[in-house]
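I opened this notebook to record what I looked up. The entries follow the order of my reading.

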Amino acid sequence: MLNFRTNTFKNGIHPPEHKRETNGLPIRQFPFAPVIILPMVQHIGAPSKIMVVEGQEVVRGQLIAQADGYVSVPMHAPVSGTIRKIVNVPTISGKMAPGIFLEAFPSSTQEVQEGTPVNLESATTEEILQGIQNAGIVGLGGAAFPTHVKLKIPEGKHCEVLIINGIECEPYLTTDHRVMLEQAQDIFTGIRYLLKATGATRVIIGIEANKQDAVDHLEANIPNDLQVSIKVVPVKYPQGSEKMLITSLLDREVPSGGLPIEVHAVVVNVATTAEIGRLLPHGRGIQERVITITGPGIKKKGNYLIPIGTPLRYVLEQVGVDGEISEVYMGGPMMGTAVSNLDISIVKGTSGILAFTEKDVIRPEKIYPCIKCGACVDACPLFLNPSRLGILAKFEAYDQMTEHHLMDCFECGSCSYVCPAHIPLVQYFRLSKSIVRKRQAAAKQTLEYVQ
Ligand code: SF4
Ligand code: SF4
């Protein structure tokens, strides 16, 4: 059932989309790098625990690190090869983390090892959640939150609507768009698992109006025995965030500090859904993902299926970059991270790689004082006051920032984008949030110690 909605969340922005460069390019398999580097920090929660030793030979798909607790996932070998080194490796955050150097067998066929399938008909809710954790699945939209944790419905709550998030509102990125065009059956199989896991009674796939071909393709392929509603919403950033999408699709507002389940909804990214549908019937673990590689500095732009752990330097060598390249982003330009070190590798949450040359990067010469124009207030989808928060951040007034709902800010960057004074508001908020979190953790530790 297809439905076009004019409803959308309030505020937000319309940055240039830059999706035409890659949205017509089919997903292509990326070559296997000679050496894969796998940091154990790839998701929110506890890092995976290494189970292999140096010199050990492993098969593609084999479990090489286990989940360390409930909010954690295991890791599977992305290639068949030999464990060369277990050492600390650089990560995108700039910190080092335990990691594995895996040297690929040069002439291997790279067959994937299968595990125990999760039978859709007979599996219980718990078995499906366990299957999702065993497959190492995390949110592929960029959040990298362990999916089985997100799907666990807390005691006393219930899920009425399962929302499949096909919005992909970040400029440049077209991975979800291509997944919807090329992996429809996996998406519908994933939806079947997700319905059982959440107990939801209806499913909505939310897609923005700039992906009409994906809307038509999914609509034409909905299985006869599956009730799925596809809702098309106007294009606006940051509609892909869970709270905004719920407002756009359901006219419901997730309360401050709350989760979608407070309004009886669970939101799952469309590529994550496809991965569940692809992996669970075979008991496989995730060892590759679709990534958009684009930007003016990239020669062979496209959507590629890339083994997790492929070094960024190798990726850029394969696609070719302009000699003048000055900035590389992992993720989109709004919520992604500027890379300071090309020796990091692709992780499960990497949805895009963008490269810009010096002439494409606009660097404000100066940051001016706030002129109280209110543009940031009009842009903020959460009705925060970024101008006030920015001033408080400069004075390191973290308690007052918390009173002004700093922790609700999900760092979408809309306020910075519109600010004529070039105030790096989102950077202030990111830093302030991490300071508040550290203080809260220290206060909790002190309290536990005193008690
Ligand atoms: S970064 Fe935070 S404060 Fe700025 S617009 Fe987004 S949610 Fe609002
Ligand atoms: S957009 Fe910038 S200049 Fe305008 S009110 Fe916000 S912080 Fe101040």
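Which of the 15 residues around ligand 1 come nearest? I found Cys380, Cys409, Cys412, Ser414 and Cys415. I took a residue as near a molecule or strand if its C-beta atom, placed from the backbone, lies within 6 Å of it.

I noted that this is a predicted model, where local features need pLDDT of at least 70, side-chain atom pairs count only at pLDDT 80 or more, and totals for chains, interfaces and linings use all residues. Residues are numbered from 1 along each chain as its sequence is written, while chains are lettered from A and ligands numbered from 1 in the order in which they are written.

I then looked up the elements, which are DSSP runs numbered from the N terminus: helices (H or I, at least four residues) and strands (E, at least two). α12 (414-418) and α13 (425-450) each supply at least two residues of the shell around ligand 1. α13 gives the most, with three residues.

Next I turned to ligand 2. Of the 15 residues around it, Cys370, Cys373, Cys376, Ser387 and Cys419 come nearest. α9 (375-379) and α10 (386-394) are the elements that give two or more residues to this shell. The largest share, three residues, comes from α10.

Last, I checked the sheet. Six strands form an open, mixed sheet in the order β2-β15-β14-β18-β16-β17; strands pair if DSSP finds at least two bridges between them. β2 (27-29) and β17 (337-338) are at the edges with a single partner strand each, so one side of each has no neighbour in the sheet. Two bridges join β16 (residues 325-330) to β17, and the two run antiparallel. Tyrosine 329 stands opposite alanine 338 in β17.
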